[in-house]
Amino acid sequence: MSTTITPRTATHTIYHGDDMERLADLHHAAEVAERVEQSGAARIGDVGDAQVAKDAYNAAVDEAAERAVVVRVIQLGRKAFRALMTEHAPREGNEDDKGAGYNGDTFPEALLAASITEPEFRSNAERDTFLDNLAEGDFDSLFIKAYMLNRSASADPKLARFSSAAPMFDETSD
């Protein structure tokens, strides 16, 4: 049995420009076309519009994915994570920091700087510029993923089974 643990990772896809808006519009159009088709309110010639709309959405997703940036974060390990939290300890008198257990202004960026494995950056300045240019929602999503990789316990793989009931018959039964 190996005692080496492969660190857990998580990814977040960041779409460029107006791709998210375009995908939302196409997804909505596909849902509407499907509802019209299912309701029986479709006119002659409309049948199949839902599939055409779904195909257009799927093609746009594939196209947008080619331009998207996939960011991968990795767990740091217990001691490195704790050291980072200590380095960015809660500010005195700041109730939000006290509740979180870290400096809310500095820790998220420091954690991401230490956790991002993809894309690769040529310098810390390039990485910092990347982080500065993220939408707040994307930054928060990445931070939460990196934080949870380090703070949450691993799940028991057996709990992920569909049924925990013992088999009714074993292989040796006749």
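Helices α1 and α2 cross with a left-handed sense. The model in which this crossing is found is a predicted one.

Two packed helices are described by the angle between their axes and the distance between the axes. For α1 and α2, the axes come within 8 Å of each other and cross at roughly 165°. An angle over 145 degrees counts as roughly antiparallel, and α1 and α2 are therefore roughly antiparallel to each other.

| Helix | Residue range | Residues in the contact |
|---|---|---|
| α1 | residues 19-39 | D19, R22, L23, L26, H27, A29, A30, A33, E34 and E37 |
| α2 | residues 49-67 | D49, A50, A53, K54, A56, Y57, A60, V61, E63, A64 and R67 |

By class, the contact of α1 with α2 is made up of twelve nonpolar residues, eight charged residues and one polar residue.

The pair belongs to a chain with seven helices and three strands. Read from the N terminus, the order of elements is β-α-α-β-α-α-α-β-α-α.

Some totals describe the chain as a whole. It has 174 residues, and 23% of them are buried. Its accessible surface comes to about 12600 Å², and carbon and sulfur atoms account for 52% of that surface. Of the contacts between residues at least 6 apart in sequence, 71% join residues at least 24 apart.

Conventions. Residues numbered from 1 in each chain as written. Predicted model: local features only at pLDDT ≥ 70, side-chain atom pairs only at ≥ 80, totals over all residues. Heavy atoms only, no water. Axes fitted to C-alpha atoms, helices over the stretch in contact; angles between N-to-C directions. Helix = DSSP H or I, 4+ residues; strand = E, 2+ residues; numbered from the N terminus. Parallel < 35°, antiparallel > 145°, perpendicular 65-115°, else oblique. Left-handed = near helix turned anticlockwise from the far one by under 90°. Contact = heavy atoms within 4.5 Å. Nonpolar A, V, L, I, M, F, W, Y, C, P; charged D, E, K, R; others polar. Buried < 20%, exposed > 50% of the residue type's maximum accessible area, 1.4 Å probe, protein only. Areas by Shrake-Rupley, 256 points an atom, 1.4 Å probe, with all protein chains shown as cover.
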